[in-house]
Amino acid sequence: MAVVAIVGGQWGDEGKGKIVDLLAEKARIVVRFSGGDNAGHTVINPYGEFQLHLVPSGIFTPEATCIIGNGVAINPAVLLKEIEDLHNRGVGTASLFISDRAHLIMPYHTLLDALEEETRSKGALGTTHRGIGPVFADKVARLGIRAGCLLDKDIFRSRLSAALQLKNAILTKVYEVPPLSLEEIYDQYCRYGEQLAPYIRETSSMIRQAAAQGEFVLLEGAQGALLDPDFGTYPYVTSSSPLAGASCIGAGLGPREIDRVVGVFKAYSTRVGAGPMPTELKNQIGDFIRRKADEYGVTTRRPRRCGWFDAVAGRFGVEVNGLTDIALTHLDIYDDFSAVKICTAYRCEDEVLTAFPSDVTILEKCRPIYEDLDGWQESISGIRDFEKLPAGARNYVSRLEDLLSCPVSLISVGSGREQTISVKALNGESSPSSSRA
Ligand code: GDP
């Protein structure tokens, strides 16, 4: 058994929820390690179809302990609603815990998120207005309020009044909107605190202990590599790191504990919000992919931008995460295509680039250089064996492995848990289910 990080290899929405739900069947602990309720995972399993924003996708496995790690920003109202929805549909949360170090999204975070985005006007980043940017800014500015504060009303009140003094000055003097009431927020969050208290505790020691005992621990990421604040398309990025490196910090493990890093990639590219996307298809092909794959945000229902697989960006995602394996999802979306393309390099003015540029203004000028591959024009959703895939699909997977220099260990051919081709076991067990491994 092993500690395995599951991260997004592209711009998020790769299908991490499905992969975590699937692998969680054998896990002892599943930890969500970054992001907030700006992320949304869709999970379809024997319990039904669920949209999770904060609760780890392992919640459907009763034997697995699920932890919302210290690296996550929590909106208590959203979390309580998510817990209630799970209960209403027969999914228990007795094994759910919240790190006392996780930061809380406060009403001024969501308000400031919207006001800041409005001020950016044409330069808007396309944030989800969930307060994610402001809460992570407060974390590093040492102004944040953590889940553990809810367990002591006096500490909570003093932290809240210190933060609110500054926030109200900004709201009234910079944005010229009415101040927020200390008493209202205090009362509301004390109520949240009473409801969430049974879940809040120190969690990193539980995770380290399980890892030390050789248990199977899954570290569940949110968003994707190209939205990382350091390595993504800055400033069109998210506010906490989605990379495998952050899985250690967001859970409380040392880097040596991680045995495998699985990058989830779609067979094509999608991006939601603003920022460059070299392979975007603003045509019928892009529309077709969006329609067939229902590419609309789980959290915002915003249409996702769709395009061919970008292997320049993909290789970068492999490298900055140090991936050991790829889980390739949505291969079935290409079932109707007679030919498909992969971007293997960029043309930028007179230069050919094979490395992902660090500067977004360069990426904006990049035009994709494509390689053409045959499609397969048959349904693969019912296939469970790599060898039974049509030649076109097998070639496509092999070409991606070559271009990304990383093995594809799992292939998803539909949204259901069972619609999966396991090429190599990902839980540290040495029982490959395919002769290809
Ligand atoms: P996440 O945030 O990375 O978990 O991804 P999302 O939940 O935002 O989006 C993934 C969507 O694709 C969900 O609706 C999944 O049910 C669906 N999905 C996952 N894998 C596959 C697949 O292999 N094929 C198809 N057609 N849909 C998939």
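What percentage of the 437 residues in the chain do buried residues make up? Buried residues make up 57% of them, where buried means under 20% relative accessible area, with a 1.4 Å probe and protein chains only.

This is a predicted model, in which local features need pLDDT of at least 70 and side-chain atom pairs count only at pLDDT 80 or more, while totals for chains, interfaces and linings use all residues. Residues are numbered from 1 along each chain as its sequence is written, and side-chain values use heavy atoms, with hydrogens and water left out.

**The chain as a whole**

The chain has 12 helices and 20 strands; these are DSSP runs, H or I of at least four residues for helices and E of at least two for strands, numbered from the N terminus. Its radius of gyration is 22 Å, which agrees with the value near 22 Å for a compact globule of 437 residues. That radius is taken over C-alpha atoms, and the globule rule is 2.2 Å times the number of residues to the power 0.38. Along the principal axes, the C-alpha atoms fill a box of roughly 65 × 50 × 40 Å.

Of the contacts between residues at least 6 apart in sequence, 75% join residues at least 24 apart, a contact being heavy atoms within 4.5 Å. The chain exposes about 17,600 Å², and carbon and sulfur atoms supply 49% of that area.

**Around the ligand**

The ligand is surrounded by 20 residues, and the closest are Gly 17, His 41, Thr 42, His 330 and Ser 412.

Taken alone the ligand exposes 590 Å², and the protein buries 90% of that; the areas come from the Shrake-Rupley method with a 1.4 Å probe.

**Helix α10**

Helix α10 covers residues 311–321, and nine of its 11 residues are buried. Among them are Arg 315, Phe 316 and Asn 321. At the N-terminal end, Asp 310 caps the helix, with a side-chain oxygen 3.0 Å from the backbone nitrogen of Val 312. After α10 comes Gly 322, whose phi is positive, near 60°.

Methods
A residue is near a molecule or strand if one of its heavy atoms lies within 4 Å of it. Buried means under 20% relative accessible area, exposed over 50%, partly exposed in between (1.4 Å probe, protein chains only). A polar contact is a pair of N or O atoms within 3.5 Å; within protein, one must be able to donate a hydrogen and the other to accept it, and residues adjacent in sequence count only if both atoms are side-chain atoms.
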